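Have a look at it first, then we'll talk it over.

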Amino acid sequence: MPHSTLHAVTAAVAVLLAAQVLSQRSGGGLSCPEKNGRFPSPTQCDTYIQCEDGVAEEIVCPDGLLFNAKARYFAYPCQYPVDVDCEGRAGLQQPKSTDDCPHQFGYFRLGDRQNCGQFMNCVDGRGYVFDCPEGLAFNQETYRCDWPDEVESCDAEAFLGFKCPEAPGVFGDDYRFYRNPADCQKYFICVNGGPRLYSCGDGYAFNDEIGGCDGIENVTNCAIPQPGVPIAPASFIRRG
């Protein structure tokens with residue numbers, strides 16, 4: 001299954017995290033399990049103990065990031081929630097929300113169950129809005145763009161504007177193919193009753209007679225796109 005890996009403003013995140021001033025506390029009842037290393041707070045998932053030569057210092061991650069005890073020593077230990085296990089230390093700092101973002105850092109879905117294809121990457125409290133590739137929905141659980149029928153918070157039929165008819169599948173599985181009523185160069189595959197949008201590509205269209213993509217000239221009631229018509233680029237909006 002294809003996924004769209006999210007690499008939004010990675011360089012900006014790295015620079016801002018490196019420059020982030022973290023709240024710290026030294027001494028005062030802190031202890032080091034070992035002389036050197038980083039150790040999780042017993043209660044806070046976004047806090048850790050930095051030990052150097054037996055001296056303990058408490059460090060709080062930037063808001064929205066959590067301490068990953070499995071991070072390599074030279075890697076930045078404050079990471080996104082999808083990569084961190086907080087079992088037994090669920091406490092968190094108070095959110096530092098802005099007009100754009102619920103937290104200073106993180107990925108957040110925009111829209112509702114019928115509009116699932118957009119998300120925001122928050123960097124130092126500023127929101128950057130991105131669109132998933134056409135037909136995919138943002139999955140808050142994985143920080144990826146997935147098939148909408150596999151995203152619990154998305155109504156795939158409402159999002160794609162297509163309801164899979166009740167009919168037997170093909171190839172021995174519950175897979176069915178349907179031409180997109182709104183665009184003959186695209187089609188839906190219904191997987192276990194959930195629609196997924198596909199494209200035949202330039203010069204091709206979905207042919208109901210063969211149940212697959214065919215040369216557009218062979219498909220009835222499908223107009224050949226006019227040359228020179230520009231395709232709108234993917235949107236990128238910075239808020240704040």
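## Labels and cut-offs

C101 and C122 are joined by a disulfide, S to S 2.1 Å. This is a predicted model, where local features need pLDDT of at least 70 and side-chain atom pairs count only at pLDDT 80 or more, while totals for chains, interfaces and linings use all residues. Residues are numbered from 1 along each chain as its sequence is written, and side-chain values use heavy atoms, with hydrogens and water left out.

Q: Why is the pair C101 and C122 called a disulfide?
A: A disulfide is a pair of cysteine sulfur atoms within 2.5 Å. The S to S distance for C101 and C122 is 2.1 Å, so the pair qualifies under that cut-off. The link is left-handed, with -100° about the S-S bond. C101 lies in the loop between β6 (78-79) and β7 (106-109) and C122 in strand β8 (residues 118-123), so parts 21 residues apart in sequence get tied together.

Q: What do "helix" and "strand" rest on here?
A: They're DSSP runs, numbered from the N terminus: helices are H or I with at least four residues, strands are E with at least two. On that basis the protein chain has two helices and 17 strands.

Q: What makes C101 buried?
A: Buried means under 20% relative accessible area, exposed over 50%, and partly exposed in between (1.4 Å probe, protein chains only). C101 has a relative accessible area of 2%, so it is buried.

Q: How many disulfides does a search of the whole structure find?
A: Nine. Among them is C116 to C154, S to S 2.2 Å, which is right-handed with 90° about the S-S bond. C116 lies in the loop between β7 and β8 and C154 in the loop between β11 (144-146) and α2 (156-160), so this pair ties together parts that are 38 residues apart in sequence. Both C116 and C154 are buried.

Q: How do you know that C184 and C222 form a disulfide?
A: Their sulfur atoms are 1.8 Å apart, so they pass the distance test. With 65° about the S-S bond, the link of C184 and C222 is right-handed. C184 counts as buried at 12% relative accessibility, and C222 does so at 11%.

Q: Why is D53 called exposed?
A: Its relative accessible area is 57%, so it is exposed. D53 lies in the loop between β3 (47-52) and β4 (55-60), and has a positive phi of about 55° although it is not a glycine.

Q: What makes N192 exposed rather than buried?
A: N192 comes in at 63% relative accessibility, so it counts as exposed. You'll find N192 in the loop between β13 (186-191) and β14 (194-199), with a positive phi of about 50° although it is not a glycine.

Q: Why are β15 and β16 said to pair?
A: Two strands pair if DSSP finds at least two bridges between them. Strand β15 (residues 204-207) and strand β16 (residues 212-215) have four bridges in the antiparallel sense, so they meet the requirement. Y204 stands opposite G215 in β16. The two strands form a hairpin with four residues between them, and G211 in the turn has a positive phi of about 70°.
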